[in-house]
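Q: I am new to this structure. Can you take me through its features one at a time?

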Amino acid sequence: MFKIKKGDTVRVIAGRDKDREGKVISVDRKKNTLIVEGVNMLTKHTKPSMANQEGGIIRQEGPIDASNVMYLHKGEPTRIGFRFENDKKVRYAKRTGDTID
């Protein structure tokens, strides 16, 4: 079960972008990677095309391994657990015990 979802706010805990925060743009469950807004910026050289008439150099986010980020709950990084509330499986912050969704 993947604990981080699209739209969550996370903090990078390892690598070149350590201590940077951002919103999760997309999740790749097969590769166990995330794309986080403003983190792991890559430079991509593109040819002119119908979609991009100019071409040139584009800066975009690259994937980052899910193990290198932690969920932010009330500004503090925390681990995420699962529990059942009213016969529904919900995520909760292990640091505070609060239900996330």
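A: Gladly. One caution comes before the rest: this is a predicted model.

Q: How should I read a sheet, and in what order do the strands of the open sheet stand?

A: Start with the general idea. Strands of a sheet pair through backbone hydrogen bonds, and the pairing is either parallel or antiparallel. Here, six strands make an open sheet in the order 6-3-2-1-7-8. The pairing is antiparallel.

Q: Which strands stand at the edges?

A: Strand 6 (63-65) and strand 8 (76-78) do. Each has a single partner strand, so one side of each lacks a neighbour in the sheet. From one strand to the next, the twist averages 55 degrees.

Q: What joins strand 3 to strand 6?

A: Three bridges, with the two strands running antiparallel. Look at Thr33, in strand 3. Its bridge partner in strand 6 is Asp65.

Q: Is Thr33 buried or exposed?

A: Buried means under 20% relative accessible area. Thr33 has 15%, so Thr33 is buried. Set aside the neighbours within four places in sequence, and Thr33 is in contact with Ser26, Val27, Asp28, Pro63, Ile64, Asp65 and Ala66.

Q: Which residues of the largest nonpolar core touch the most other members?

A: This core has 13 residues. Ile4, Val10, Leu34, Val36, Ile64 and Val69 touch the most other members. Strand 1 (9-12), strand 3 (33-36) and strand 7 (69-73) are the elements that give two or more residues to the core.

Q: What is Ile64 in contact with, leaving aside its neighbours within four places in sequence?

A: Val12, Asn32, Thr33, Leu34, Val36, Val39 and Val69.

Q: How is a pocket found, and how much space lies in the largest pocket?

A: Rolling a probe the size of a water molecule over the atoms shows where empty space is left. In this model, the largest pocket holds about 280 Å³ of space. Of its 14 lining residues, Lys3, Ile4, Ala66, Ser67 and Val69 are the closest to its centre. Strand 7 gives the largest share of the lining, three residues.

Q: What should I look for in a turn?

A: Check phi. Most residues other than glycine have a negative phi. Lys74 has a positive phi near 55 degrees, and Lys74 is not a glycine. Lys74 is in the loop between strand 7 and strand 8. These strands form a hairpin with two residues between them.

Q: Is Lys74 buried or exposed?

A: Exposed means over 50%. Lys74 has 67% relative accessibility, so Lys74 counts as exposed.

Q: What phi does Asn86 take in the hairpin of strand 9 and strand 10?

A: A positive one, near 55 degrees. Asn86 is not a glycine either. Two residues lie between the strands of this hairpin. Asn86 is exposed, with a relative accessible area of 80%.

Q: How many bridges join strand 9 to strand 10?

A: Six bridges join strand 9 (residues 80-85) to strand 10 (residues 88-93), and the two run antiparallel. Glu85 stands opposite Lys88 in strand 10.

Note on methods:
Residues are numbered from 1 along each chain as its sequence is written. This is a predicted model: local features need pLDDT of at least 70, side-chain atom pairs count only at pLDDT 80 or more; totals for chains, interfaces and linings use all residues. Side-chain values use heavy atoms; hydrogens and water are left out. A nonpolar core is a set of buried Ala, Val, Leu, Ile, Met, Phe, Trp, Tyr and Cys residues joined through side-chain atoms within 4.5 Å. Buried means under 20% relative accessible area, exposed over 50%, partly exposed in between (1.4 Å probe, protein chains only). Helices (H or I, at least four residues) and strands (E, at least two) are DSSP runs, numbered from the N terminus. Contact means heavy atoms within 4.5 Å. Two strands pair if DSSP finds at least two bridges between them. Axes are lines fitted to C-alpha atoms, for helices over the stretch in contact, and angles run from 0 to 180 degrees between N-to-C directions. On a 1 Å grid over the protein atoms alone, a cavity is a set of points where a 1.4 Å probe fits but cannot get out, and a pocket is an open set with protein on both sides within 12 Å along at least five of seven lines; lining residues have an atom within 4 Å of a point. Grid points are joined across faces, edges and corners, and a volume is the space filled by probe spheres set on the points.
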